[in-house]
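Please keep the viewer open as you read.

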Amino acid sequence: MIRKVLLLLIFACAAWLTVAAQEKHTLSGYVADENGEMLIGVYIIVLNTHYGTVTNTYGFYSITLPEGAYTFRYSFIGYGTKEFGINLVSNTEQNVTLAAETSAIGQVTITAERKDENIHDVTMSNVQLPARTIRKIPNLMGETDIIKSIQLLPGVQSSVEGSSGLYVRGGNADQNLILLDGATVYNPSHLFGFFSVFNGDAVKNVELFKGGIPAEYGGRLSSVLDVRMVEGNTQKIKGSAGIGMISSRLTLEGPIVKDKISFIFTGRRTYADLFLPFAKDTVARNSTIYFYDLNAKINYQINRNNRLFLSGYFGRDVNVFDDLFQMNFGNATGTLRWNHVYNGKLFSNLTLIFSDFSYNLGVPSGILSFKILSHIIDYGFHNDYTWYINPSNTMKFGLQATCHTIKPGTIKSSDPASILSTLHYPDNRAIETAFFASNEQKIGTWLTFLYGVRFSMFQNIGAATLYHYDEYHDVVDSTLVPAGNVFNTYTSLEPRFNLRIGLSEKSSVKLSYNRTAQYLHLASNSTATFPLDMWFMSSPNLKPQKADQAALGIFRNFRENSIEASVEVFYKRISNAIDFKDHARLAPQKYLEGELRIGSAYSYGAEILLQKQGGRLSGWLSYAYIRTFRKIPEINQGKAFPPPYDKPHNISLLINYEISDRFDAGLNWVYSTAIPVTVPTSGYYYDDVWVPVYSRRGGTRIPGTAYHRMDLSLNYYFRTFKMESSLNVSVYNVYNRHNAFAVYFREQDAEGSSQNITGTEAVKLYLFPIVPAITYNIKF
């Protein structure tokens, strides 16, 4: 018996040595569609083996195998599958073009991506949404909206009606890293949160990480929303346009040099202000209200190993109310990226990044005229690498550096007759750097690890005035820091870990853990994101917030993998959590740190997702139960309390149905628990003035303010003068639910007397009744 075992071991070792001694070669290349657009997330499977890989963010793939003959299958959502037989006897470059699957009238057919991706991929708590999927989701005024679409996913919440804020797994709105081609977007909304800044025609892919965040991302606690722009058609000039109820869009793309240099330009503008001159009210006639977005990108393929990308975004809201008030705000971003392939196994990416969010507001004329100007500006440098070591190991590593400048505000008069003087709040500067490394390691077909670490450093730089506070948060002294001096440094070691255990071909269990650190914070006193909310930095008086999150998930597929089911549970704890004292003053000021109160926060929950892909009927049903609490010693008597966005129960239903080649319909329905509010419970008179006494923070959920809404859409596809056209009819809030945008309290008088107050009553303010919309789209 022992002899047989020894012989088996000898034969196994000999076989292993034979395989190890085999010469290995690398197959690499890019995968694109027929227009030359690189495809993200294409699966390359080596048939009759357990080997495979996937294209990266730039459409590049690489796989190293022992010498021999193989059949490779390339597959991607919405595209036909291709197979190639290759005799791998040397390093080989194989660029592949996949054709979109279309209907009889040229519309792209949405089919499932690799049907078992959710089972075999090591990542969890993340979702990729192609732009084509997002365009089919019903939205307010018929506007394609990435942020509103993301809010339909389990674990992602909005705060109030129409808001573009994201609250992910109990995190605050400022704890989400939102990227557009790698550049940070500090304010992702238009029109005070009702629309997002992302024009759907300019977007290629959207990926959200709620947990298990890869090591290459950092700087925020809760999530990463990575938005990638279209690169432009390298084959022929094309365009598209859309006319809707609130805005119009135009897109042009094509080659500057065929197969070499391409461009894309998109623009969007609202035009409600064009009708204001016809208003009866004088103020309305002299007012201007609109927003616009401009996206542009150039893609230059220098040679087979080098590519350049230059992309930019500029968007702004303009609000002028006659001579009474004006407010403008917007984002500007720019990205210059160089992709370089050193060999078939090493891919590098060098990126220069610019981001600027600014606003100005004021009264344009008169003795009280003024203007406030504010900016947050980033200049960044990223250099990252992907090393395809072998089919079982893929390593990523790199370094990042960002120079942050926050200009809190310059207040100056905008009219010579103004009696107000100029006031400038000092700028704040810091450098944030990070080094990261991670490796995805596969052990057979049933076990995969993704482990890594990120080391981040944050340094405050002068010139600055450092204020010193006593135990009562009053300023007692200050220190002047010379220009260019580093006067404070924070560091953070952030481990990241994912584990996948395959139970069968149709099921797996996944585990993830990540630590994240955040050095920039947002001062806001509302539940809706607002453009005038102020960003501020960690400093000697304010430590960075840090979060630890662990998650466990079970994934199971049914009916030949066309139905995906998952259950995830998580727990997240935040140290150095920030809140503001009662009645805090959050306007631009030198002593903002004195308004802060520091403690801890935690959240936990479960997310259930049932998703149907492929076929005429697709969509998902999700349920999430999430609780969030803060515990600040100097707030709410030191007792834990829920923040304003704590909504335990959340349900989302999304259905898309292809009625025929010419018609498809969409429906979504959402429900969430009422938000917690702080209410007046009693009161007293002081000098004949009624002073209310309030409950503990977030101590009440007002009956009847639970949020629920249904939306419908219908798309009709046809041809106009041989051009693809579509007509979208949508209805927002179908059954006219009056969802609360805000709840305020007013005094109840006894028989109309202001001196006989009997109490207070809650008044609900709502915004949107039933809102129908129609949009005409055309491609040329």
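1. Strands here are DSSP runs of E with at least two residues, numbered from the N terminus. With that in mind, β19 (247-257) and β29 (447-461) each supply at least two residues of a nonpolar patch. Please remember throughout that this is a predicted model.

2. Which strands does β19 pair with? One of them is β18 (residues 238-243), joined to β19 by six bridges in the antiparallel sense. Ile243 faces Ser248 of β19, and a hairpin of three residues connects β18 to β19.

3. Strand β20 (residues 261-270) also pairs with β19, through ten antiparallel bridges. Look for Glu253, whose bridge partner in β20 is Ile264. Three residues separate β19 and β20 in their hairpin, and Asp259 in that turn has a positive phi of about 65°.

4. Elsewhere, you can trace an open sheet of four strands in the order β3-β2-β5-β6, with antiparallel pairing. β3 (52-54) and β6 (82-88) are the edge strands, each pairing on one side only. From one strand to the next, the twist averages 20°.

5. Within that sheet, β5 (residues 68-75) and β6 run antiparallel and are joined by seven bridges. A handy place to start is Arg73, which stands opposite Glu83 in β6.

Conventions. Residues numbered from 1 in each chain as written. Predicted model: local features only at pLDDT ≥ 70, side-chain atom pairs only at ≥ 80, totals over all residues. Heavy atoms only, no water. Pairing = 2+ DSSP bridges. Axes fitted to C-alpha atoms, helices over the stretch in contact; angles between N-to-C directions.
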